[in-house]
Structures are given as C-alpha cells and as structure tokens.
Amino acid sequence: MKRRSFHVILGFVIILLCGCGGTKNAEKISLRTQQIETLKNVVDAKSYTIEVNTAYPMQTYAVTRVTNALLQNTGNSASRINVNGNFIEIKNDSIKGVLSYFGEVRTVNSYNPRDGGINFEGLPTTYEVTENEKKQTLNIEFDIKNKIEPYNVIIQLYPDKSATVIVNSPYRTSIRYDGTLKPSEVEENL
C-alpha cells in the first residue's frame, strides 16, 4: 500500500514538473519570437548602427606570430583583438563602415599608408535581408565599393541584438567582427 501511494505521489510530482517546464519553454519561444520581430522592424526601417567591439583576423601562421609579438601584454592576441570606434551604419539606402583591419593585404590598394582599415560609404550595389528560422537570426548581405576596393559584407543579427560581421575582399584575407546592434534614437522611441 505504501509503495502504491509513493508511485501516485511521484506521478503527480512528475506531471507538475513537466507542466511547469512547458510553460517556461513557451515563454522562451514567445520572447524569442518577439525579439526577432523587433529585429525585423529595426532592419526594415534601415536606420541603425552596428557598434563593433572585437575583431577576429584570419591570418597565416607567420603573420600570427608577428601579431602576437606586437600585441604582447595588451590583453589581445592575434586571433582576438578589442577595437574601439568601429561601426557599420545604415541610414535609408546609404551604408557607412569604419573598421580596423588586421590581416594580410594581397595588393597594396591605398595611396595613404596610414589608412589600412576597411572604410566605405555610399550606396551598396546589392543588399539582401533573409531570415534563418532554424538559427533564429536575420542575415544581411551587401556588396559595396570604396574608391579602390570592393567588399562583400555579411551581417548576422541575433535576437539579443548581438551581431557578427564578416568582410570579404579580393585584396585582403577575410576578417570577422563581433558587435551590438543599436537602433537609431527615433527607432528606440517607437
């Protein structure tokens, strides 16, 4: 008899725990859906900035050794570098990007040796936004060119407003950045 009442109580506890877990899971899904919708609204408004805070260069072993030596005692490494003042800004149809570059340049393409970063401003030649429902991300891809160099930029936005940016160029090794999506002040008030 004691064994039977133990099983009945155990059954009630399991049902109670399963019921609570389903509610939390449903709340998470609802919150994630709401966050994705907010992201879509910000991206559709085309008025936001991605503030970049970390660069992840894709370098060869030789360049990695040199970079590690240069970055010694800074808290950075050749594979992860903290950056300040880097951003990609999208306003209407215009895009502006100011990004530090760490990597190998295949062709010298600048007349100013102090300007080794990735800089562009203007209208992109292509611009596409897609949603990855499985990963729950928004992906933005565009091609843009400065006076000398073309860039292919891929941005992946996550529900928590974090962003990953990959910049490809035929003249440089690719580089990845992490940052945060910041809607314009007007969008934040809506």
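Let's start with what Asn139 touches: Glu128, Val129, Thr130, Asn132, Ile155 and Gln156, leaving out residues up to four places away in sequence. Contact here means heavy atoms within 4.5 Å. This is a predicted model, in which local features need pLDDT of at least 70 and side-chain atom pairs count only at pLDDT 80 or more, while totals for chains, interfaces and linings use all residues. Residues are numbered from 1 along each chain as its sequence is written, and side-chain values use heavy atoms, with hydrogens and water left out.

Asn139 sits in strand β6, residues 137-145. Helices (H or I, at least four residues) and strands (E, at least two) are DSSP runs, numbered from the N terminus. One of the partners, Gln156, also makes a polar contact of 3.4 Å with Asn139, side chain to side chain. By polar contact I mean a pair of N or O atoms within 3.5 Å; within protein, one must be able to donate a hydrogen and the other to accept it, and residues adjacent in sequence count only if both atoms are side-chain atoms.

Now step back to the loop between β5 (126-132) and β6, where we find Gln136. Its phi is near 55°, a positive value in a residue other than glycine. Gln136 is partly exposed, at 29% relative accessibility. For these words, buried means under 20% relative accessible area, exposed over 50%, and partly exposed in between, with a 1.4 Å probe and protein chains only.

Lys135 lies in the loop between β5 and β6 too, and at 56% relative accessibility Lys135 is exposed. Between Lys135 and Tyr158 there are 8.8 Å in space, C-alpha to C-alpha, for a sequence separation of 23 residues.

Where else do we have a positive phi? Asn92, not a glycine, has one of about 55°. Asn92 belongs to the loop between β2 (81-91) and β3 (94-99), and is exposed at a relative accessible area of 57%.

Last stop, please: Ser169, in strand β8, residues 162-169. Is Ser169 buried or exposed? Buried, with a relative accessible area of 11%. Setting aside neighbours within four places in sequence, Ser169 is in contact with Arg106, Glu149, Pro150 and Tyr151. With Glu149, the Ser169 side chain makes a polar contact to the side chain at 2.5 Å. A polar atom of the Ser169 side chain also lies 3.1 Å from the backbone nitrogen of Tyr171.
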